[in-house]
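Biologist: I would like a close look at a single part of this model. Please take me to the ligand and its surroundings, then follow the salt bridges.

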Amino acid sequence: MFNASELAMPYLRPLQAYAPGEQPTEENWVKLNTNENPYPPSPQVDAAIQKAIGLLRKYPSPTSAPLRTSLARHFKLGADQVFVGNGSDDVLNLLVRAFSGDNPVAAMQPSYSLYPVLTGIAGKQIVHIPFGDSMEVDIDAIANSDANLFFMTSPNAPTGLAIPNTILREILDRFSGIFVVDEAYADFADESAVELLNEYPNCVVTRTFSKSYSLAGLRVGFALADPSTVAVLDKVRDSYNVDGLAQAGAQAALEDQTYFKAITEKIIRNREYYRTKFDAWGWFTYKSSGNFLFTRPLIGDRFGAEIAKSLFDHLKANKILVRHFPKHPDTCAFLRISIGTEDEMESLIEAIESWLS
Ligand code: PMP
């Protein structure tokens with residue numbers, strides 16, 4: 001019987017594809033499992049996409065040039081310091097394609113589970129540097145990792161913890177490979193590594209329109225980096241890696257900063273408010289700089305993988321989806337809960353109260 005796997009690259013055979021959070025097709029779920037924004041995108045996005053539909057006969061800008069210019073203006077950088085991709089996952093993939101050489105790729109553990117998949121696709125090894133018991137960063141281990149490419153997720157997923165720039169500076173003073181700060185959630189944080197870019201040319205910041213701009217369905221992400229890094233990424237991307245509707249929609253969202261600020265502030269306010277509910281139950285919750293909370297449910301004073309799974313199942317039975325990462329000891333006792341609308345969060349609290357009783 002034909003089996004294409006036998007003709008594929010041998011290193012692909014053991015590879016497990018990335019496991020995204022569940023995306024139910026019916027509407028009646030409270031979806032708090034993939035860190036999507038609960039609010040719609042700026043109304044300007046609709047108008048911009050309608051206009052771009054009229055241009056679909058033509059190829060889009062191969063470099064997403066107008067969007068690069070707007071992003072450069074927004075971040076006070078040169079247009080040659082901006083690269084745009086088909087979601088930040090595309091940008092991360094291109095970074096692996098371009099910069100994973102003979103030396104290993106490295107990332108923190110726990111962090112975004114896509115990195116090992118991307119290195120696996122490229123036939124490369126990934127080394128994980130564990131966080132300490134209190135999620136502190138082992139700077140020596142990073143400096144001594146010998147990696148050509150390092151992924152630091154900040155704010156981290158799934159914990160939500162931001163890595164302060166003081167720590168990033170200490171690392172960058174000692175690390176000479178490409179150091180990627182994956183800032184998918186940075187719009188919900190107090191600090192960003194963007195200000196380190198002109199000081200450390202080997203630093204790359206990746207961002208996305210999926211979370212804070214409510215455009216996960218459009219697939220637009222970007223990297224801010226040294227012009228020489230952008231030039232390498234431009235060599236390895238698809239010729240038209242971001243479609244015309246996506247370029248237009250993302251640009252409209254970026255230009256509506258009033259709307260962006262209003263929904264981002266609302267999510268941060270709700271994050272802090274609902275965190276106090278978990279605190280009141282005595283649950284340990286990491287300080288989050290993202291649009292989600294990583295919390296450890298308790299029954300009495302007991303916690304663990306089974307208790308987290310029990311709450312996960314109870315919520316699912318109540319049509320509320322959250323995320324459980326059962327495979328790693330640092331994550332198995334926790335649930336990651338995206339911040340939804342007030343109504344969604346009230347449904348969550350009610351369902352947790354019924355589980356507790
Ligand atoms: N980085 C991190 C840390 C994420 O959690 C995500 C979302 N899954 C991404 C990058 C990718 O975002 P996107 O491809 O939608 O831009």
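Predicted model: local features only at pLDDT ≥ 70, side-chain atom pairs only at ≥ 80, totals over all residues.

Modeller: Now look at single atoms. The side chain of Asp-182 has an N or O atom 2.8 Å from a nitrogen atom of the ligand. Thr-208 places an N or O atom of its side chain 2.5 Å from a ligand oxygen atom. Ser-210 has a polar side-chain atom 2.6 Å from an oxygen atom of the ligand. Taken alone, the ligand exposes 400 Å², and the protein buries 91% of that.

Next, the salt bridges. The structure holds 12 salt bridges. In one of them, Arg-68 pairs with Asp-234, with the closest N and O atoms 2.8 Å apart. Arg-68 sits in helix H2 and Asp-234 in helix H7, so the pair ties together parts that are 166 residues apart in sequence. Arg-68 is buried, at 8% relative accessible area. Asp-234 is partly exposed, at 24%.

Asp-313 and Lys-309 form another salt bridge, with their closest N and O atoms 2.8 Å apart. Both lie in helix H10, 4 residues apart, which means about one helical turn separates them. Asp-313 is partly exposed, at 34% relative accessibility. Lys-309 is partly exposed too, at 42%.

Methods:
Residues numbered from 1 in each chain as written. Heavy atoms only, no water. Polar contact = N/O pair within 3.5 Å; in protein donor to acceptor, adjacent residues only side chain to side chain. Areas by Shrake-Rupley, 256 points an atom, 1.4 Å probe, with all protein chains shown as cover. Salt bridge = Lys/Arg side-chain N within 4 Å of Asp/Glu carboxyl O. Helix = DSSP H or I, 4+ residues; strand = E, 2+ residues; numbered from the N terminus. Buried < 20%, exposed > 50% of the residue type's maximum accessible area, 1.4 Å probe, protein only.
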